[in-house]
Amino acid sequence: MGTLLIVLTYFAYVFIVAVYAFKVAKWMRMPMHIRWDLYPVIHEEHYRYGGSYYEQQEWWTKPRPKNTGRSLWYSLKDNFYMGEYYKRNRLYWLFLLPWHLGFIFIILFHILCFFAAISMTFGLTIAAASPSLTGKIFYGILLLTGGIAFVGGTFGSVGMPIIKLADRGLRTYAMPMNFFNYLFFLLVYGSGLLSWILIDPTLAEYRTYWVGLVTLTPPELNPAAIFHIIMFDIFLIYLPFTRSTHYITRILAYFFIRWDDEPNLPGSAMEKQINGLLQQKLSWEGAHIPSGKSWAEAATSSGLPETKKDKA
Amino acid sequence: MTRKTTIKDFSRPGGQVAEIDSADLMPLPPPYDQIAKPPIRKLTEDQLRRMDASLDGVAAIGIALPATPEEEKIFIEKFLAGLEKLFTAENNWTFLQPLVHTLEYCVKCQICSDACPTYLASGRQDIYRPTMRAEILRRIISTYIKKENPLLRKFKASDIQLNAQTIIRLGELAYRCTLCRRCAQVCLLGCDNALITREIRKIFSQQMGIAPKEIHEKGSVHQIKVGSSTGMTPPALTNILEFIEEEIEEKTGKKIKIPVDKKGAEILLLHNAGEFIAWPENLEAFAILFDAAGIDWTISSDLAGYDAVNYGVWYDDVQFARVALLHAQAAKKLGVRKISLGECGHAHKAMIVIADRILTGDLNIPRESAIPLMEEIVLSGKIKLDPSRNNFPVTLHDPCNMVRLMGIVQPQRRILEKICPQFREMTPHGVENYCCGGGSGFAITQSTNFPDWRSSVSGRMKLKQTLDAFQDVPGPEIKKYVCAPCSNCKGQYREMFNYYDVWKKSGIFYGGLVELIVNAMTDLKEPFIQWEWH
């Protein structure tokens, strides 16, 4: 069983990283689009009220300071708050936030377990009674992240189907897959919660498991912990088939669509790229569009009926 | 009343998917809560024979149902072919990434619904949820483009039965969203259901050749053909400018020659040509202000060079690019240093922002809004202004294209704070403003009963907001001014105020920003704003 766990876990991690990477690469590979920015743009100097560099005369002659750090912080912090939901649908937020915190913290918990295992192989004791302060802090953080993951995830997985059925708007767009997900995630978080409460209050089983993974030594674990770990591995394999990549793509969308206010300055690399895109051939069939011609040719033609006739 | 609508209703042959009942609409403040007339007139039998109105009893495009099963098959195939093209880089590099992102990552959480003024004002009609169009499109893609396994489709609830009426209803639904993008602003996942609206309009126009005639045939096509969507030709422009010069002299005693085709001028000023015809006082005020401030500017008489509108921004990328190119060519021909956009929101967004990734080389001429220039004139003290001349209640409408979609928020406020002692904000305002209800071409769409819908539903939130801003002075005895620095928004205000008789009932007038500046100029003997309802 221990060997199976090791193989399954490695496969699950490689799989999720590979599929997520593929999805992100596919997203990024799409061609540059027309500007479609939406304010406030958080890296802008006047982001507080939604102001842009267009508020200045001859903006192209002025510096355009960008605070990318602020944008990054803004896009990440909302994962832990979900402010718009709090403002607009508080009951939904009550379940949605813990459900999402379950996702974030269970991943964080396992990443921390990995580092804990590395530290343990170097002799660090991770426990409440560890002689090392680092070991005590590590223990506390693991307990906190694991606890939030199991409690939040379980609470959210129970509440989400209820709110999904109770709210008219959500119900209209609900699909069987949503309810399958809630049930499956309940198994994942709930098994972790039960194992934690009933069998493994210090979450030591996970450290043992991760030491086994790091040292490639099949671990001996409690059946409850094994069940949860298998569930979690399947969860990792299943996630890429859901919309979960939105944890990453939402940030990409903020940076590369909503906040993309980069102007096309004469002689810039962007201008060259646009010239390339304008050479692509379009095949729209509206009567006013010269199908088979390039965008540049279509834009410089009038599309008026007589013109089409003349060309024919 | 069929308020609870599901996506299956869109596939149901015959009948209406939803009905707009005046009793359900968002309440308005008194005395407008007492208006007894039905909000939306029924289409005539003749109209119903010619166009399908089975979405909500309203026709913006007015598409005829195919007469035979063969015609229906061709109609559906054409739509599906267009839908496929949306996902190819060659045909849709312009919006592929935001389109794919929204379709793949929206979780349909409905947060955007509560941000949509049309949905709220309609009394929360399900069909107007911003997610509705995207979800129908998503299901068509799953069933007819990707042809996903039926079991998977059941699991994902992505099945849909397609018939001509489903497509027509979807097309009409794409013209029930003003593209204000308030929905996108609140989306935590960066999805944009307003963009989906525009992409659906693109399939209809670019592939099927279907669009509201005011926007396409009488709009962008007319502009490319004769120079302006208003039908104004270059010789007609000359006549109108002469009239405007006479008007200026009559009102102010000033003899101002409006510069036309002045080679090498600093600024090419692009106005929405609707101003020339409907609100010439706006152009007059620009001429008076620029003359007083010693600005080196010109108007172009070239094809489309005197009409800033670019309706393509609402429905068609190719038409958009054509008009943007004509604007840039007019500026290039005159050798101006920059293009400045007058008070027209969509023209701002179209020419300054969206055309930015269309115009290259010597057509990539610097472009900016005229509002920061107006701010500079006002705040610099170049001209003498007396705020007491504007001592009446003033509120500001934020045109979506200029504010939420471009971030021009404060210059107009700094002007108003300087020259209007009774300036007050609407709630909410700035980038969180509500659309006037006439966005994305609605203000110019006059077909059938669409204007009733526009005044009753899409403009309702703005009307309420405007009335609320003046709730301390509700009666008609105190004249009030809504400053709407956008032709389209002014058009919507005019229609909506006429519909509800707002001028008579509440004494609220609408107009631009530059008129308020000129009204405060001390060297004018008479007030520039004449409070004549038109």
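Visitor: Which residues of α10(A) and α4(B) meet?

Guide: Two residues are in contact if their C-beta atoms, placed from the backbone, lie within 7 Å. On the α10(A) side these are A:His246, A:Thr249, A:Ala253 and A:Ile257, and they meet B:Gln97, B:Pro98, B:His101 and B:Tyr105 of α4(B). By class, this contact has 4 nonpolar, 4 polar and no charged residues (Ala, Val, Leu, Ile, Met, Phe, Trp, Tyr, Cys and Pro are nonpolar, Asp, Glu, Lys and Arg charged, the others, Gly among them, polar). This is a predicted model, in which local features need pLDDT of at least 70 and side-chain atom pairs pLDDT 80 or more, while totals for chains, interfaces and linings use all residues. Residues are numbered from 1 along each chain as its sequence is written, with chains lettered from A and ligands numbered from 1 in the order in which they are written.

Visitor: At what angle do α10 of chain A and α4 of chain B pack?

Guide: Axes are lines fitted to C-alpha atoms, for helices over the stretch in contact, and angles run from 0 to 180 degrees between N-to-C directions. Helices are DSSP runs (H or I, at least four residues), numbered from the N terminus. Here α10 (residues 246-258) of chain A and α4 (residues 96-105) of chain B pack at about 150 degrees, with axes 11 Å apart. That makes α10(A) roughly antiparallel to α4(B) (the class for angles over 145 degrees).

Visitor: How much does each chain bring to the contact between A and B?

Guide: Chain A brings 68 residues and chain B 71. Several helices of chain A each supply at least two residues to its side, including α7 (176-199) and α11 (269-277). The most comes from α10(A), with 7 residues. The chain A side divides into 34 nonpolar, 20 polar and 14 charged residues.

Visitor: Is A:Phe256 buried or exposed?

Guide: A residue is buried if 20 or more other C-beta atoms lie within 10 Å of its own, exposed if 12 or fewer, and partly exposed in between. A:Phe256, in helix α10 of chain A, is buried, with 20 such atoms. A:Phe256 and A:His33 are 223 residues apart in sequence, yet 9.3 Å apart in space, C-alpha to C-alpha.

Visitor: How is chain B divided into domains?

Guide: Domain bounds come from an automatic or database domain assignment. For chain B they give domain 1 (7-207), domain 2 (216-374) and domain 3 (380-519). The C-alpha centres of domains 1 and 3 of chain B lie 29 Å apart, and each of these two domains gives 27 residues to their contact.

Terms used
Parallel < 35°, antiparallel > 145°, perpendicular 65-115°, else oblique.
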